[in-house]
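Biologist: Please put the model on the screen. Then we can go through it by question and answer.

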Amino acid sequence: MAREHLIIFDTTMRDGEQSPGASMTKEEKIRIGRQLERMRVDVIEAGFPAASDGDFAAVQAVARTVKDSTVCGLARANENDVRRCGEAVRGAASPRVHTFIATSPIHMEKKLRMEPSQVIDQAVRAVKWAREYTDNVEFSPEDAGRSDIDFLCRIIEQVIKAGATTINVPDTVGYTLPEAFGGLIRTLRERVPNSDKVIWSVHCHNDLGLAVANSLSAVLNGARQVECTINGLGERAGNAALEEIVMAVRTRQDMFPCETRIDTTQIVPASRLVSGVTGFPVQPNKAIVGANAFAHESGIHQDGVLKSRDTYEIMRAQDVGWNANKLVLGKLSGRNAFKTRLSELGIVIESEEALNAAFKRFKDLADKKHEIFDEDLQAIISESEHDEVINEHFRLVSLLAHSETGVLPFARLVMTDAGREMRAESAGSGPVDASFKAIENVAKSGAELLLYSVNSITTGTDAQGEVTVRLSKGGRIVNGQGADTDIVVASAKAYIDALNKLQSKLERVNPQV
Ligand code: KIV
Ligand code: ZN
């Protein structure tokens with residue numbers, strides 16, 4: 001018997017972006033969108049277009065870039081939000097508008113200050129506005145996990161009549177338990193008279209650590225779309241982790257009557273990309289994508305695995321994209337080989353000028369590092385994209401950082417400030433601290449440093465360090481990235497990248513604000 005299709009709806013760029021500090025630029029959303037498409041995600045929720053002009057532009061750009069996945073935007077159930085969303089996704093090969101309104105007594109009374117009948121009217125209107133833009137419309141009764149079942153049945157029946165094609169049931173505050181949540185989906189499917197006209201979807205938050213369990217219980221009870229995020233990113237404790245949902249369904253095909261179309265070998269690259277862009281590290285023991293997820297330490301386990309892998313391994317590391325580090329290029333590789341490998345990775349560089357700049361970066365790196373892996377190429381491209389799109393106000397020209405036992409570390413640098421060359425130096429508690437202080441002597445941003453993190457892009461002591469710096473100023477929070485084989489230089493680049501983002505005039509307000 002043919003298995004049913006389980007739709008994977010990724011909301012890393014919308015709910016994930018609602019994690020404080022995880023705000024993404026348009027270019028970052030395009031990169032993540034491309035990776036999700038490569039992974040064969042069915043639906044990509046790219047943002048909340050009415051939240052800001054910046055997010056409108058980001059959703060529109062993802063909609064125009066992605067061809068093989070549906071691109072969706074989120075809208076509250078009001079005319080302005082829905083129309084902004086409709087406009088933003090209009091250019092997609094397959095657009096979707098996702099509109100929502102709260103249905104729990106506590107939300108209706110205290111947040112919306114609306115009567116239940118008004119909430120139904122508003123939801124119906126929103127779905128009809130959305131249908132003016134696309135026939136692919138999703139409706140969510142927010143806080144469904146704490147809503148009255150009779151009311152849920154009434155509102156859902158009405159929005160289906162109005163034209164909703166997917167009904168998404170959110171456990172907005174992560175309150176429900178697996179059995180009850182599965183039961184809720186079953187009951188809704190049984191009681192809503194027109195329930196067979198739509199796809200049933202779930203969206204679970206992880207406040208009690210149950211987001212994945214609740215989602216899977218819903219799938220066992222008939223849900224055929226799961227909303228999830230890479231690395232479980234999302235509001236508060238996050239959303240259901242995409243990698244866990246996909247691998248649970250795939251590994252336990254004996255239990256699930258459905259399957260996804262995800263290319264699981266793209267999971268680890270996607271996890272790394274999202275972690276790098278947001279600066280949210282992945283804990284080592286995180287299922288599927290944590291560094292230790294496939295590492296066997298105890299003698300008994302190692303012995304068993306050596307005799308037969310399946311004694312202790314239920315999945316193969318390479319199936320989710322581990323050990324995919326391929327030695328692809330070296331110092332002697334030419335421009336053609338470079339371009340070919342990029343296109344194998346799904347990276348297309350349109351202009352000759354941009355290709356030349358990226359190729360120069362590759363050659364510079366190959367001079368310092370013999371083996372260039374796919375991850376190095378991704379970092380090169382990300383840096384080149386930054387240079388192309390961010391109208392850089394500050395640019396690092398050169399940096400000397402000194403550290404020696406018993407001597408106060410100091411840094412001396414040259415950078416440009418709106419094209420003007422400036423020199424600065426500073427002492428600090430270490431070379432990174434000294435470099436940041438020297439940069440501040442020029443930039444005088446007064447921004448607060450919220451996060452500094454370093455990850456090695458590949459293995460080995462000659463690996464590139466990828467640094468994330470999170471700065472906050474005047475209510476805005478931005479993440480800057482830098483990569484280099486010298487982590488002090490990578491740190492300075494990341495700090496300057498964050499300063500440039502603070503300078504950028506594009507309004508990027510976190511959707512929560
Ligand atoms: O958690 C939630 O309820 C949401 C909805 C907008 C789907 O994110
Ligand atoms: Zn949510």
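This is a predicted model: local features need pLDDT of at least 70, side-chain atom pairs count only at pLDDT 80 or more; totals for chains, interfaces and linings use all residues.

Modeller: Start with a definition: angles under 35 degrees count as roughly parallel, over 145 as roughly antiparallel, 65 to 115 as roughly perpendicular, and the rest as oblique. Such angles run from 0 to 180 degrees between N-to-C directions, and the axes are lines fitted to C-alpha atoms, for helices over the stretch in contact. Helices (H or I, at least four residues) and strands (E, at least two) are DSSP runs, numbered from the N terminus. Residues are numbered from 1 along each chain as its sequence is written, with chains lettered from A and ligands numbered from 1 in the order in which they are written.

Biologist: How are α1 and α10 turned to each other, roughly parallel or roughly antiparallel?

Modeller: Helix α1 spans residues 26-38, and helix α10 spans residues 267-278. Their axes are 10 Å apart, at an angle of about 170°. The pair is therefore roughly antiparallel.

Biologist: Which residues of α10 make the contact with α1?

Modeller: Contact means heavy atoms within 4.5 Å. From α1 come E28, R31, I32 and Q35. From α10 come P269, A270, L273, V274 and V277.

Biologist: In what order do the eight strands close into a barrel?

Modeller: Two strands pair if DSSP finds at least two bridges between them. Here the pairing is parallel. Neighbours are turned by 25° against each other on average, direction ignored. The order is β2-β3-β4-β5-β6-β7-β8-β9.

Biologist: Which residue in β9 stands opposite S201?

Modeller: Strand β8 (residues 199-204) and strand β9 (residues 225-228) pair in the parallel sense over three bridges. The residue opposite S201 is Q225.

Biologist: How many Å separate a polar side-chain atom of H203 from an oxygen atom of ligand 1?

Modeller: A residue is near a molecule or strand if one of its heavy atoms lies within 4 Å of it. The residues around ligand 1 include R14, H203 and H205. For H205, the distance from a polar side-chain atom to a ligand oxygen is 3.0 Å. For H203, the value is 3.1 Å.

Biologist: Which strands stand at the edges, each with a single partner strand?

Modeller: An open sheet has the order β13-β14-β15, with antiparallel pairing. One side of each edge strand is left without a neighbour in the sheet, so the edges are β13 and β15.

Biologist: In the hairpin of β13 and β14, which residue takes a positive phi?

Modeller: Strand β13 (residues 394-404) and strand β14 (residues 407-417) pair over nine bridges. One bridge joins E404 to V407. The hairpin has two residues between the strands, and the one with a phi near 80° is G406.

Biologist: Which residue in β15 is the bridge partner of V414?

Modeller: β14 and β15 pair in the antiparallel sense over eight bridges. The partner of V414 is R423.

Biologist: At about what angle does α15 run to β14?

Modeller: Helix α15 covers residues 431-443. The helix lies across β13, β14 and β15. Relative to β14, the angle is about 40°.

Notes:
Side-chain values use heavy atoms; hydrogens and water are left out. A polar contact is a pair of N or O atoms within 3.5 Å; within protein, one must be able to donate a hydrogen and the other to accept it, and residues adjacent in sequence count only if both atoms are side-chain atoms.
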